[in-house]
Amino acid sequence: MSSEEPSSSNSIGSDSVDYFKNDRNIRILSRRNETTGDPDPAFDEAFESLDKYMRMAFDMAYEALEVQEVPVGCVFVYKNEVIARGRNRVNEMLNGTLHAEIVALRNTEVYCKKRGLDPREVMKEVTLYVNLEPCQMCAAAMQLLNVPRIFFGACNDRFGGVVTVGNIYDYMEDPPQMDLISGIGWKRTVFLLQAFYSQTNPKAPENKRLESRRSRESRMKTFPLVVNAVSVLIYGYVFYFDYDRPELDGILPIPGNQWTKFMFLTFCNLLLQFLYHSVGSILALTAKSEGCNCPVQKAFDFYAVSIAFPLATTVVGLFWGMYFISPELLLTPEGKVICSVAWYNHAIHTVPLFAMILDFIAWRHAQPVVRNSLLALAAFIVLYLSDVHFFYYYTNVWAYPIMRELNTPARLVFFGGCAIVFGINYFLGFWLNSFLAPVQKSLLIYGIIFGVWGGSLFYDFQYMPRPGFEWWFSKLVMLTMMNFVLQTVYSAICFICALMDWREELRHGPGHKHQHVPSYWRITPLHKVCDFMYSTSAFPVGMATSFLFWGLYIVNPEFVVPKWAVKLIPPWHNHVTHTAPVVFLLIDTILTCHHAPSRKTGSIVIWSLYFFYLGVIFSVKYFHGNWLYPIFNHLTNEMILVFLATGGIALWFLYLVGDGLNAMLWGKAPHAKTRSTTTSKRD
């Protein structure tokens, strides 16, 4: 969703900020009283109400975009009253004349007929507010009807009939003077048009349809597919690892019977999560652009909010909560042996929570009816309690040690408390699913990414040793540390931009959820800095740092980290600096539409950064007599030159990869150079 999204007509009056009227791009192209200089109360009144009525025009434009029409909307205002609205309906009605102004004109005829007014006389006092310069057809109609005022947004460089392609004063031999104002919210119109033209027009001829991001997403929803497919692989491998594992016999009530392990809530959750994410992967592959309202999709959404999220959250919360109190409450000695495999323990007791949070971020699940959801959750709880008591009845073994230690009344209280935890987690998931609209989604993700980078950088500054460096800033000669600071700064800018987007959304209509509009509209200087950094530094440098480190590490760890330094670096810190960049940058690429600079500009910046860092490497060698990285001690001078040249080419290649991924996911619109008002100086 755009950060500039206008409010609905019901909320316009509550916004006291003159968003459009204070736009510095507004240009007065002509005035009716230009020669006489007489006062014009009608113009003054129309200009004072500009913000209110332009918002309505943009509301109509958004409505057009929602139904895959060219996003143009307008309103006719007569004596300070909106008498007609219109939006483009060309595709809908298969009629090339049904532009927004013509639709509004037809609605004006209906208005006048009901009130016994003459449409021609009414139009002589109408003010037209429209987000895009009227085409020659519509401009001629307005001139013939003697419309006195036209306030519009962006100029129409291809079909504009007011001042751009045609001139409105050329349509009649002796045309009356008009009040013409342009540039009102032109950036918003440009981005709406980019959003429309970056998707497929379903009414266009087959051979002219664009292979756009929207059409690609109709076949494959990238982010949901990645989240669900990775979850399936993790859970599938856990099942494979578990199969015929001899240690399991120690906890199974019937040794050798794999089915008896489903008396444990953890394994029930594992199976249900595996099935849930498997269905999610299939739906992500087969989803249609207009959305899937099939029974499977509806059941998937219902299950996600009603069962999958509260179950995963409860399993993770109860396990780690009681584990920190006393592991003996949950695990027998044999169970401790099984969970001593760290990755396995986290796969079944930590991953489910994060997988479901990412799933909620990836999907926009339809909210179920609360009553039905709670009934489904209660049915699951009853079913599981029956399962536990069934196994106890036949094997005389409780699923968890804590159940064995409690007497019957205390056990009932324990079961009731767990049911309450289920309910709390259900409402938490219900709220989270409501909260994660596109802008809030960006805010949450970038907040997490910035928290990881910022917290890790603080830890490095405060607690990490500095062998060989007197000052912490001396560590910035290392590519890893440069990238560390770069990614922290970049994630901070992304987070601030997400905050700005959220603020704009709250100001201009939080009720709108326009899914066709890119989630990130680059409108402020800070947004532009963020886009520039992504293309020319954050993505290529971050990827290069990760791939170079792990590539050399696989060949020989001592090429990048001496043995004595390995013990000084915590494993988690090593993964933050050398693994997290790949994950975070890919998430950023999927989440955000970046407006990349030209390839020429990007290439110049990339090679400038490369030669700058070459200077750092050779400066360290010259002043300190040692190579910055151990690998250089194993290479001849000729091999060092080849290695450095290859690194430069790889860095430039990664820049092209990032630029290509951005264009592939978001279409060509992010790379289109938008033009400001071509008649900006026609005052």
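In which helix is Trp-343 found? In this predicted model, Trp-343 lies in helix 13, which covers residues 342-349. Together with Tyr-237 and Tyr-240, Trp-343 makes a nonpolar surface patch of about 390 Å². The relative accessibility of Trp-343 is 38%, and the residue therefore counts as partly exposed.

The confidence of the prediction was examined next. The mean pLDDT of the protein is 80, with 82% of its residues reaching 70 or more. Among the elements, strand 2 (residues 73-78) has the highest mean pLDDT, at 95, whereas the lowest, 43, belongs to helix 8 (residues 213-219). Over residues 1-19, pLDDT stays under 50, and the model has 68 contacts beyond four places in sequence for this segment. Where pLDDT is low, the predicted coordinates should not be read in detail.

A disulfide is a covalent bond between the sulfur atoms of two cysteines. Zero disulfides are found in a search of the whole structure. For Cys-138, the closest cysteine sulfur is that of Cys-135, at 3.6 Å, which is too far for a bond, because a disulfide requires sulfur atoms within 2.5 Å. Cys-138 is buried, its relative accessible area being 0%. For Cys-497, the closest cysteine sulfur is in Cys-530; the two sulfurs are 4.8 Å apart and therefore too far for a bond. Cys-497 is likewise buried, with a relative accessible area of 0%.

Conventions: Residues numbered from 1 in each chain as written. Predicted model: local features only at pLDDT ≥ 70, side-chain atom pairs only at ≥ 80, totals over all residues. Heavy atoms only, no water. pLDDT = per-residue confidence, 0-100. Helix = DSSP H or I, 4+ residues; strand = E, 2+ residues; numbered from the N terminus. Contact = heavy atoms within 4.5 Å. Patch = residues over 30% accessible without salt bridge, like charges linked within 9 Å, V, L, I, M, F, W, Y side chains within 5 Å. Areas by Shrake-Rupley, 256 points an atom, 1.4 Å probe, with all protein chains shown as cover. Salt bridge = Lys/Arg side-chain N within 4 Å of Asp/Glu carboxyl O. Buried < 20%, exposed > 50% of the residue type's maximum accessible area, 1.4 Å probe, protein only.
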